[in-house]
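Here is a short walk through one protein chain, with the structure open beside the text.

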Amino acid sequence: MKLFFRLVRSRTFLLAFLFLVSHVLWAQGTALALSQNDENPEDVTITDQVRYISLEEAQLLALEGNATLRSQQLSLEASKREAQSRWNSFLPGISLSGSISNSHNLYSPSGSSAGGGGTGGNSSWNWSASGGVSLSLTAGIPVQMQLATLRYELAQTNYESQRQTILSSVASSFYNLLTSTKNLTVLEDNVSLTRQQYEQARLNYNRGLTSELDMLRAQYAALSAEPQLEKARSQYDSDLAAFQLLLGSQEKYIPTGEFSLQQLQLPDATVLIASYLENRLDVIQKRQSLREAELSKTAQVLSARAPSISLSESIRMGPSDGGMKGGPSVSGSFSVGVSIPVDGYIPGSSKSLSVGKSKDSVEVARINLETTLVQARQDIVNTAKNVQLLWHAVEISKLNETIAERAYQLSQEGYRAGLVSQTDMENSRQQMVSAQLSGSTSQSQYLVGVGNLANALGLQVQDVYELFGNEEKGNEQGKEK
């Protein structure tokens with residue numbers, strides 16, 4: 001008995017000792033890992049956070065983080081600096097210079113007064129300083145100043161055009177992802193429904209209540225619904241990655257919200273063209289480009305054929321006695337010069353060819369403006385008509401969805417009563433799913449179409465709803481949802 005208790009105590013002591021040692025080693029290992037994480041915080045794995053954002057938040061993020069827009073903003077800032085510094089055409093050239101020199105003889109003939117013969121000689125130090133101011137005035141300076149201002153305005157238009165493109169792309173991608181989210185919900189419900197129908201058909205087959213063919217058809221419907229769902233999920237992930245790239249953010253943002261549709265009561269296309277054609281950024285840009293070409297032609301003509309005046313003043317300082325000890329002597333000179341180019345009047349000269357090329361640029365800019373005006377008028381007509389067609393498509397899709405859902409309910413009731421076959425019920429279910437997918441897609445397309453109309457009219461989307469929105473129809477649509 002004593003030997004037994006002694007053995008038990010020895011094993012208990014050994015287990016306690018091993019537990020204590022393992023606990024100490026675990027504590028040391030944990031402390032070491034924490035210290036390494038503190039020294040190298042980048043090694044710590046951070047779980048990706050997902051944020052749900054609205055359309056307004058997504059557009060703000062894109063304006064801040066989109067790489068293309070940031071590059072355009074740098075060009076805008078450069079044009080702004082040039083426009084603000086256009087006065088430097090009247091800034092004269094200023095130069096300052098100074099020197100110290102040593103004059104000495106390297107060799108003198110024997111018996112010369114400079115030395116006793118040999119290579120010796122006298123040396124003397126001298127200094128000089130000078131400064132100058134020059135100013136060249138040409139007839140093209142005012143035109144160059146106007147060009148700097150106009151190019152800044154053109155850069156502003158280009159930036160605003162790029163900004164509107166980014167906002168439109170974000171809105172289109174946002175609505176597309178919302179549609180995909182709704183469609184995923186429909187397809188997930190479809191998978192669940194087909195599985196339930198297959199299980200019920202299998203039970204009915206085992207009980208002898210349905211045929212083997214109906215059971216197999218139910219099985220095929222359940223199996224074919226899953227690949228459709230997986231394909232939709234894969235497409236959603238791809239679209240979401242493109243959305244993240246558009247926002248220019250490393251965080252993961254997922255669009256959320258509901259479609260808010262409002263019917264537009266648009267006036268005749270001729271009224272829209274007359275009222276909003278000049279608001280379009282492409283028209284404004286082409287008019288600015290034409291003005292730029294005209295000013296560039298004027299500047300080229302003045303540079304090739306107009307006289308220029310140059311003014312200069314120079315000041316020189318040096319020792320009065322020609323050495324280092326004498327007082328300074330200051331002298332200056334002022335000059336005025338006139339330069340008249342002649343080769344600009346000679347046909348076939350380089351300057352004459354440059355003038356002709358600038359005139360051609362004006363004609364090209366005018367043709368581009370006329371072409372843009374024709375395209376802009378047609379774009380307004382097409383987008384206005386398209387918005388009306390898309391609204392009709394929304395109404396039809398809504399009605400079709402309601403009918404398809406009711407038809408499927410009736411087919412289910414008929415199938416339970418033995419009046420409808422499995423094939424007819426399956427066709428009814430497919431029509432319902434197709435109608436639901438088409439409904440969300442038509443709503444997304446309508447919202448994108450309204451955004452395109454806003455761009456075609458040179459307005460914001462909110463301005464379009466305020467000007468042409470039908471509140472009564474919009475409220476009815478909201479109630480139906």
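Does Gln 378 count as buried, partly exposed or exposed, and what is its relative accessibility? Gln 378 counts as partly exposed because its relative accessibility is 43%, a value between the 20% limit for buried and the 50% limit for exposed. Please keep in mind that this is a predicted model. Gln 378 is found in helix H8.

**The chain as a whole**

The protein chain has 481 residues, of which 31% count as buried. Its secondary structure consists of 11 helices and six strands. Among contacts between residues at least 6 apart in sequence, 79% join residues at least 24 apart.

| Residue | Helix | Relative accessibility | Contacts beyond four places in sequence |
|---|---|---|---|
| Ser 444 | H9 (residues 422-457) | 7% | Tyr 175, Asn 176, Thr 179, Phe 259 |
| Thr 157 | H4 | 8% | Leu 281, Ile 284, Gln 285, Gln 288 |

Ser 444 counts as buried because its 7% is under the 20% limit. Thr 157, with a relative accessible area of 8%, is buried too.

**The nonpolar cores**

The largest nonpolar core has 66 residues. Those with the most contacts inside this core are Val 170, Phe 243, Leu 264 and Tyr 446. Helix H8 (residues 350-416) supplies the largest share of the core, 14 residues. A second, separate core has six residues, including Leu 69, Leu 76, Ala 83 and Tyr 159.

Which residues of H10 are buried? They are Val 464, Tyr 465 and Phe 468. Seen down the axis of H10, these buried residues fall within an arc of 95 degrees, so they line one face of the helix. The face turned away from that buried side carries the exposed residues Gln 462 and Glu 466. Helix H6 (269-276) and H9 are among the elements that cover the buried residues of H10.

**The largest pocket**

How much space lies in the largest pocket? The volume is about 660 Å³. The pocket is lined by 28 residues, and the closest to its centre are Leu 55, Gln 59, Ala 171, Tyr 175 and Val 461. Tyr 175 is also one of the residues that Ser 444 touches. The elements that give two or more residues to the lining are helix H2 (55-65), helix H4 (141-206), H9 and helix H10 (461-468). H4 gives the most, with eight residues. By residue type, the lining divides into 13 nonpolar, 13 polar and two charged residues.

Methods
Residues numbered from 1 in each chain as written. Predicted model: local features only at pLDDT ≥ 70, side-chain atom pairs only at ≥ 80, totals over all residues. Heavy atoms only, no water. Buried < 20%, exposed > 50% of the residue type's maximum accessible area, 1.4 Å probe, protein only. Contact = heavy atoms within 4.5 Å. 1 Å grid on protein atoms, 1.4 Å probe; cavity = no way out; pocket = protein on both sides within 12 Å on 5 of 7 lines; lining within 4 Å. Points joined across faces, edges and corners; volume = space filled by probe spheres on them. Nonpolar A, V, L, I, M, F, W, Y, C, P; charged D, E, K, R; others polar. Core = buried A, V, L, I, M, F, W, Y, C linked by side-chain atoms within 4.5 Å. Arc of directions from axis to C-beta.
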